[in-house]
Structures are given as C-alpha cells and as structure tokens.
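Open the structure in your viewer and keep the selection tool ready. This tour goes stop by stop: select, look, move on.

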Amino acid sequence: MESLKTNSDSQLDQQIRLEEIRLLYGGTPFSFSASVVITLIIYNVLLGHVASQQNLNIWLFTILGVMFIRSIDSYLFSKQDKQQQSQLSWRRRFFIGTAIAGFCWGFLPWLGYSAEVEYFSFIIVCLVGVIAGSLSTLSYRWETIALFLLPASLLLVFRLLIEEQSFSNATSFVLLVFIFFTLTAGKKIFNNTQQNIRLRLEADIRERAIELMHQKHALHLQNTPLAIIEFDIDLNITEWNKAAENMFGYSHSEAIDENIMRLILPRDSSVEAEKLWERLLNYEAVTGSIIENKTKSGIPIFCEWFITPLTNKQNEIVGIAAMALDITDKKQNELAIIKSKEEAEKANQAKSDFLSSMSHELRTPLNAILGFTQLLKYEKTLSEKQHSHINEISNAGNLLLKLVNQILDLARIEKGHLQLSMEKVSLSDCFKDVRAMILPLAEKNNLSLDINIETNGYVIADYTRLKQVMLNLLSNAVKYNVENGSVSLKVLQKENDLVKICIIDTGSGISQDLLQEIFQPFNRLNAASTIEGTGIGLSISKQLVEMMNGTISVSSTINKGSEFCIELTGNLNIITALEHESKMPLSEQPIATVSASDHNILVAEDNPTNQTLILSQLEALGYTAELARNGQEALNKMVNTEYQLLLTDCNMPLVDGYKLAKTIRDRGNKKLPIIALTADAFPERKAKCIRAGMNDQITKPVDLQTLKSTLEKYLN
Ligand code: ADP
C-alpha cells in the first residue's frame with residue numbers, strides 16, 4: 001500500500017514537472033517574436049547614436065543569435081515525447097538561455113552614447129529594451145525572472161551609478177525597487193501556480209480514476225455471469241443487468257420497478273424470504289444462501305445469493321444490492337449423485353440381504369447333510385468304498401459350509417451388523433489355539449510350522465475374530481506353499497503400543513500387480529483350481545482387522561514367499577494370564593464313544609429334517625429324547641413330564657427358543673440345563689442365549705463329539 005502510494009506520488013510529481021517545463025517553453029514562439037521585433041526597433045533607434053556602431057552590431061547579432069538558438073531549442077523540445085520533455089535538462093537549458101538573454105540586454109547600456117543623444121533618452125531606450133527583452137523570458141517561474149532581470153537590470157543599475165547624476169541615481173533606485181517587487185511577486189505567482197498545477201493534476205487523476213471505475217463497473221455489470229440486482233426497501237427493482245435478464249428471462253424494462261419477491265420467488269417460499277429480509281434489515285449480509293427461484297416461464301431454478309444492505313450517511317438502509325449465480329446444473333448433478341449413491345447403496349443392501357438370506361437357507365439343508373454324514377461315518381455295516389464316498393460328501397459339505405459362513409460374515413460386515421467384543425487377548429492363548437488347529441493341515445502338506453506359543457503380551461482385539469483372521473492367514477500360508485516349505489509366525493513390538501504379527505511362508509509368492517487386488521472379495525488371483533478356496537477370506541480378514549482398529553499389509557516375492565502382517569494395539573512386555581479356553585479342533589479329537597444313558601431329554605425343533613437328525617444323534621449317543629415341534633409344545637410337555645435337559649432351536653414359530661428359556665426360568669425352574677442349538681458361534685449370539693436364561697450353546701451343524709461332551713457336562 002505504502003509503495004503504491006509513493007509510486008502514484010512520484011507519478012504526480014513527474015506530471016507536475018512536465019507541466020512546468022511545458023509552461024516554460026509554451027510561450028516562447030510569441031515572446032521570441034516580440035523580442036526580435038523590439039530588438040530591431042531598438043537597434044534602429046540607436047543606429048547612429050551610439051559611441052561604437054560596431055559594438056551595436058555585435059550586440060544585435062549576439063541577441064539575435066541567442067534568440068535563434070533558443071528558438072531551435074524550443075522547437076526541439078516540442079518534438080520530444082512526454083517522457084523526454086519531463087527531463088530536468090530542458091529546464092536547465094531554458095534557465096541558461098534566459099540568463100544569457102539577461103546579460104545581452106544588460107550590456108545595452110554599456111554600448112555608450114553619442115553626444116547628440118540626450119543621456120536620459122538613451123537610458124529610457126535601454127529601459128524599454130530591458131523591459132521588452134524580458135518579454136522573451138515571460139514565464140511563471142520566478143527563477144527565469146531572476147535570471148533575466150538580475151543581469152539585465154543590475155548591469156543597467158551599475159552603469160547608471162557610474163554616471164553619478166541625480167537622475168541616474170533615482171532611476172537606479174527605482175530599478176532596484178522594481179527588481180525587488182518583481183521578484184517577490186514572481187515568487188508568489190510561482191507558488192500559487194505550482195499549487196494550482198498540482199490541484200488540477202490531482203483532480204484530473206481522480207476524475208480519470210473515477211471514470212475508469214465507472215467503465216469497469218459498467219463492463220462487469222454487463223459481462224459478468226452473475227445476475228446483479230438492486231432493489232429499494234419497498235422491494236422494487238432498481239438495477240437489473242444482462243445476466244439477470246438471461247437467468248430469469250425478464251428484460252431490463254420488464255424488471256425495473258417490479259417487486260423482486262413477486263418476480264423471481266415461488267409462492268411457497270415466502271417464509272424463507274421473510275427470514276432473509278429480516279436478516280438484511282438487521283444489517284446482516286447474506287452470503288452463499290441457496291434459494292429456489294423461478295424464471296419468467298415458471299421454471300424453478302436454484303441460485304446462490306450474495307446480498308448486502310446499502311446504507312446512506314446516517315446508516316439507514318436505502319436499498320439492497322444482490323448478486324445471484326445460477327447453480328441449477330450443479331444442484332441437479334448433486335441430486336443425481338445422491339440418488340445414484342442411494343440406489344447403489346440400495347442395490348448393495350439388496351445384494352447383502354440376498355446373500356445373507358441365501359446363506360441362511362443353505363445352512364439348514366447343509367446341517368442335515370453334514371449331520372447325517374457324520375452319523376453314517378459311525379455305521380459299521382458300510383463298506384470301505386461307501387465310507388470313502390461319505391468322506392467326500394463330508395469334505396464337500398464342510399467346504400460349502402465354510403463358504404456359506406464367510407458369505408454370511410461379509411454380508412453382516414457390510415450391513416454393519418457385526419458386533420465385536422474388544423478385550424485384551426493373550427497372545428500365547430491365541431497362538432496355542434491356532435497352532436493346534438493348523439498343525440494337522442501343515443503336517444498333511446509336509447510343511448514345518450514355527451509358532452512360538454510361549455509369546456508374552458497381549459493385543460486389544462475380539463478373540464474369536466482375531467483367531468478367524470489368523471487361521472485364514474495361516475491356512476493360506478499352508479495352502480499356497482511348496483513341498484517341504486515352512487510357515488512361521490513372528491511377533492514384534494512397535495512404537496506407540498503397536499504389536500505386529502507376521503505370517504511368513506515359503507510359497508510361490510504373488511506378483512506386484514496382483515497384490516493390488518488381493519483384498520478384493522471373490523478374487524482368487526491366479527490360484528490353481530486344485531487348491532480349495534472361496535476368495536473372500538482375505539477380504540473378511542482385512543475388514544475384521546480394521547474393525548479391531550488395526551491394519552493388515554502384505555509383501556511378497558515371486559518364488560520366495562509371502563508375508564502377511566497385522567498390526568494391533570498391544571504390548572509384548574506384559575505377561576498375561578490365560579483367559580481363554582483352548583479348544584482342540586473337533587475333527588482331530590478321537591471319535592466319540594457312544595454310551596447309554598437313562599436321562600430323558602426334551603428337544604424343541606421345528607424343522608423336520610433337523611428333528612430327525614438331532615433325535616438320531618441323541619440315539620446314537622444312547623440318550624432317550626422327546627420331541628416338541630415348537631416352544632409352546634415344549635412348555636406344554638414340561639407340565640406333565642420332568643426332563644433332565646432341554647435342547648432347543650432358537651428360531652421357532654409361536655414361542656421361540658429365547659422366549660421358551662425365559663418362561664421356564666420365570667416359572668421358577670432354575671435347575672433345568674437349557675442348551676441352545678444356534679446357527680453360528682458368535683459371541684453376541686451366545687450372549688443373547690445366556691441373557692434369555694440358557695446355560696450353553698451348540699453351533700449347527702451339530703458335531704457328535706461336541707454334543708456328547710456338552711450333554712455329559714450338564715447331566716453329570
Ligand atoms: P482363498 O479362499 O482363495 O484362499 P483368500 O481371500 O484367503 O481366498 O485369498 C485370496 C487369494 O490370494 C487366493 O486365492 C490366493 O490366490 C492369494 N493368496 C492368499 N494368500 C496367499 C499366500 N500366502 N501365498 C500366495 N497367494 C496367496
């Protein structure tokens with residue numbers, strides 16, 4: 001700002017200087033011609049009356065020469081451009097010319113006079129000469145007056161004083177007084193003129209700036225894409241630019257003096273308009289408000305408004321200035337994006353719902369297939385070939401069950417229905433469990449497995465889900481490994497209380513471009529079709545780790561192996577007590593020895609296939625059982641018969657498993673062990689069963705061994 005000001009000040013000074021120099025040179029053609037004429041007249045008058053004719057001639061030619069040079073100088077000046085004219089050297093040249101002219105005229109009295117000429121008439125001639133000569137220097141600058149008058153008059157005064165006559169003394173005194181007053185007056189004129197020039201130029205500059213501003217304003221007003229509208233406090237339009245015409249469809253003449261609200265606001269927006277008006281009347285500017293407007297043809301458009309009240313000197317609102325930008329396209333795009341997002345979410349939701357219900361539907365027949373297959377495995381009358389076929393069915397069924405469970409997980413995560421129970425998970429507990437579960441698979445594939453189950457410390461995670469993630473990573477490390485390879489698990493403490501768990505294999509590795517897609521669901525990359533898999537394990541693992549506030553990463557080298565790492569909050573330096581029950585993988589436990597029992601068990605189950613299955617399983621274990629087809633029937637049966645244990649499905653018509661358990665407990669029967677048969681083993685499901693008053697839960701498809709051990713636990 002400061003530099004801007006100094007800049008414009010120096011520009012002004014330069015303009016003043018140019019003006020001054022122009023003023024100096026401006027009068028020269030007239031004053032020089034007048035001077036020449038007077039010089040010639042004086043020469044004529046003095047011709048033959050001066051002591052030396054030769055000196056007079058020299059004087060004449062000198063003075064004419066000076067005039068000539070100064071005229072050329074003046075001509076040259078007129079040919080210069082502004083920049084050059086404002087150079088100070090021109091002023092200096094003019095001053096020098098003036099001083100030389102002064103000296104020339106000052107020499108006039110020194111030419112001497114002949115006896116025929118009366119002395120005083122000679123002096124008068126000289127005086128006239130000096131005064132006439134000063135014509136050539138007529139300018140507002142006091143310096144030029146001084147530079148001319150001082151040599152011209154003082155030489156005359158000096159000459160007069162030499163004469164020592166009273167006339168000449170008096171004349172010289174008058175001349176001195178004249179010089180004094182002329183110089184004083186000249187100085188004053190100079191100051192005033194200087195001031196006038198400055199004021200005039202400043203006014204010029206201001207006027208020009210205002211004019212420029214008006215031009216710009218008019219240009220903006222006409223060319224801006226913003227509708228610029230002004231209206232008075234009666235809401236009558238006073239300004240309506242081209243963009244406003246284009247935006248709202250009313251021409252300037254149609255809009256002026258019309259009520260703005262009636263013209264461009266839809267009828268039903270009067271409440272919002274009132275609110276806006278109130279804000280403006282409170283001297284509040286409105287910026288970026290999006291308002292629905294209407295065009296002349298009644299089409300609704302969306303405009304973004306910037307509105308400011310205009311005030312007078314007394315700070316009273318005299319009008320409103322408003323700018324509007326048509327954002328209909330943007331708004332429509334936004335609405336379209338929101339709509340398509342909603343549609344995509346709906347489609348995704350529908351997909352998740354479909355997957356989830358499909359998986360549920362698949363589970364029921366699958367339970368039957370797996371359950372009956374397991375029963376058949378104990379059938380002693382079957383041939384070896386038949387047993388081998390049953391094993392195939394069992395393997396395929398288990399794979400299908402795994403897929404169904406994973407799809408269910410994915411759907412639950414996407415729908416946000418998956419709940420985690422975060423706790424301090426002892427790493428040694430977790431590693432012990434996963435090692436036990438993965439060891440048989442590693443041995444089957446001739447791989448060495450290196451997991452240190454003595455690891456200290458904990459991580460903050462959901463125990464079941466952490467195990468699920470680690471089992472997925474470990475089973476992948478086994479599945480995608482090479483003959484006699486190895487799988488190892490490494491743990492390290494990172495700063496900020498982070499624990500990094502890495503699962504490293506010696507498999508064939510994954511190329512860098514495929515690594516980008518590895519966490520996408522249903523993407524099996526280039527996995528050989530002989531290797532069993534569904535392609536969703538890693539996708540679920542990633543989402544689960546992130547839900548546990550952790551991260552998962554992968555690095556891999558072709559033909560060397562891969563390393564999958566998860567990072568979770570935790571600490572390796574703290575020894576944690578064993579908190580979780582370690583479970584051996586059921587399939588690895590010795591086959592259940594079927595035993596007889598006198599206990600009477602009530603089974604509540606609505607699905608006919610499941611009914612047959614569970615009754616057959618209980619029979620195979622040597623238990624007698626009665627069947628109730630729903631919760632209500634179970635309650636009725638319990639009125640007349642005493643049972644030692646209740647096995648109940650959770651989802652049944654009339655009275656479901658939860659309600660059944662609650663009613664039994666509410667009726668005062670606290671002792672009866674109630675075991676739920678649930679679709680999954682998630683903590684939230686178990687918690688719901690326990691809340692309803694049940695003692696335990698067995699996950700479908702019911703494994704004979706689990707059924708046996710659970711019954712034994714509660715019946716003994
Ligand atoms: P899948 O059921 O196919 O194993 P995942 O989601 O667990 O599904 O893995 C996705 C794909 O990533 C696999 O099909 C496989 O191609 C690749 N993959 C996963 N882990 C490894 C690994 N340790 N080594 C090589 N490839 C792997």
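**Before you start**

This is a predicted model, in which local features need pLDDT of at least 70, side-chain atom pairs count only at pLDDT 80 or more, and totals for chains, interfaces and linings use all residues. Residues are numbered from 1 along each chain as its sequence is written, and side-chain values use heavy atoms, with hydrogens and water left out.

**Stop 1: α13 and α19**

Select residues 328–377, helix α13, and residues 608–620, helix α19. (Helices are DSSP runs of H or I with at least four residues, strands are runs of E with at least two, and both are numbered from the N terminus.) The two axes lie 10 Å apart, at an angle of about 25°. (Axes are lines fitted to C-alpha atoms, for helices over the stretch in contact, and angles run from 0 to 180 degrees between N-to-C directions.) The pair is therefore roughly parallel. (Angles under 35 degrees count as roughly parallel, over 145 as roughly antiparallel, 65 to 115 as roughly perpendicular and the rest as oblique.) The crossing of α13 and α19 is left-handed. (That is, the near helix is turned anticlockwise from the far one by less than a right angle; clockwise would be right-handed.)

Now show side chains. On α13 the contact includes Thr-364, Asn-367 and Phe-372; on α19 it includes Thr-609, Leu-613 and Ala-620. (Contact means heavy atoms within 4.5 Å.) By class, this contact of α13 with α19 has five nonpolar, nine polar and no charged residues. (Ala, Val, Leu, Ile, Met, Phe, Trp, Tyr, Cys and Pro count as nonpolar, Asp, Glu, Lys and Arg as charged, and the others, Gly among them, as polar.)

**Stop 2: α19 and α23**

The crossing of α19 and α23 is right-handed. Look for Ile-614, Gln-617 and Leu-618 in α19; they meet Leu-704, Leu-707 and Leu-711 in α23. The contact of α19 with α23 has five nonpolar residues, one polar and no charged.

Step back to Pro-701, in the loop between β17 (696–699) and α23. The peptide bond from Lys-700 to Pro-701 is cis, with omega near -5°.

**Stop 3: α14 and α18**

Select residues 384–414 for α14 and 537–547 for α18. The axes come within 10 Å and cross at roughly 40°. That makes α14 oblique to α18. The crossing of α14 and α18 is left-handed. Among the residues that meet are Gln-406 and Leu-410 in α14, and Ile-540 and Met-547 in α18. Five nonpolar, four polar and one charged residue make up the contact of α14 with α18.

**Stop 4: the cysteines**

How many disulfides does the structure hold? One. (A disulfide is a pair of cysteine sulfur atoms within 2.5 Å.) Cys-502 and Cys-565 form it, with sulfur atoms 2.2 Å apart. The link of Cys-502 and Cys-565 is right-handed, with 110° about the S-S bond. Cys-502 sits in strand β10 (residues 498–505) and Cys-565 in strand β12 (residues 561–571), so the pair ties together parts 63 residues apart in sequence. Cys-502 is buried at 3% relative accessibility, and Cys-565 is buried at 6%. (Buried means under 20% relative accessible area, exposed over 50%, partly exposed in between, with a 1.4 Å probe and protein chains only.)

Next, select Cys-650. Its sulfur is 4.3 Å from the closest cysteine sulfur, in Cys-689, too far for a bond. Cys-650 is buried at 3%, and Cys-689 is buried at 0%.

**Stop 5: single residues**

Go to Lys-331, in helix α13. Is Lys-331 buried or partly exposed? Lys-331 is partly exposed, at 23% relative accessibility. Leaving aside neighbours within four places in sequence, Lys-331 is in contact with Ile-290 and Phe-302. The C-alpha atoms of Lys-331 and Ile-290 are separated by 9.7 Å.

Next, Leu-235, in the loop between β1 (227–232) and β2 (237–240). Leu-235 is not a glycine, yet has a positive phi of about 70°. Leu-235 is buried, at 13% relative accessibility.

Last, Leu-525, in the loop between α17 (512–515) and α18. Leu-525 has a positive phi of about 50° and is partly exposed, at 24%.
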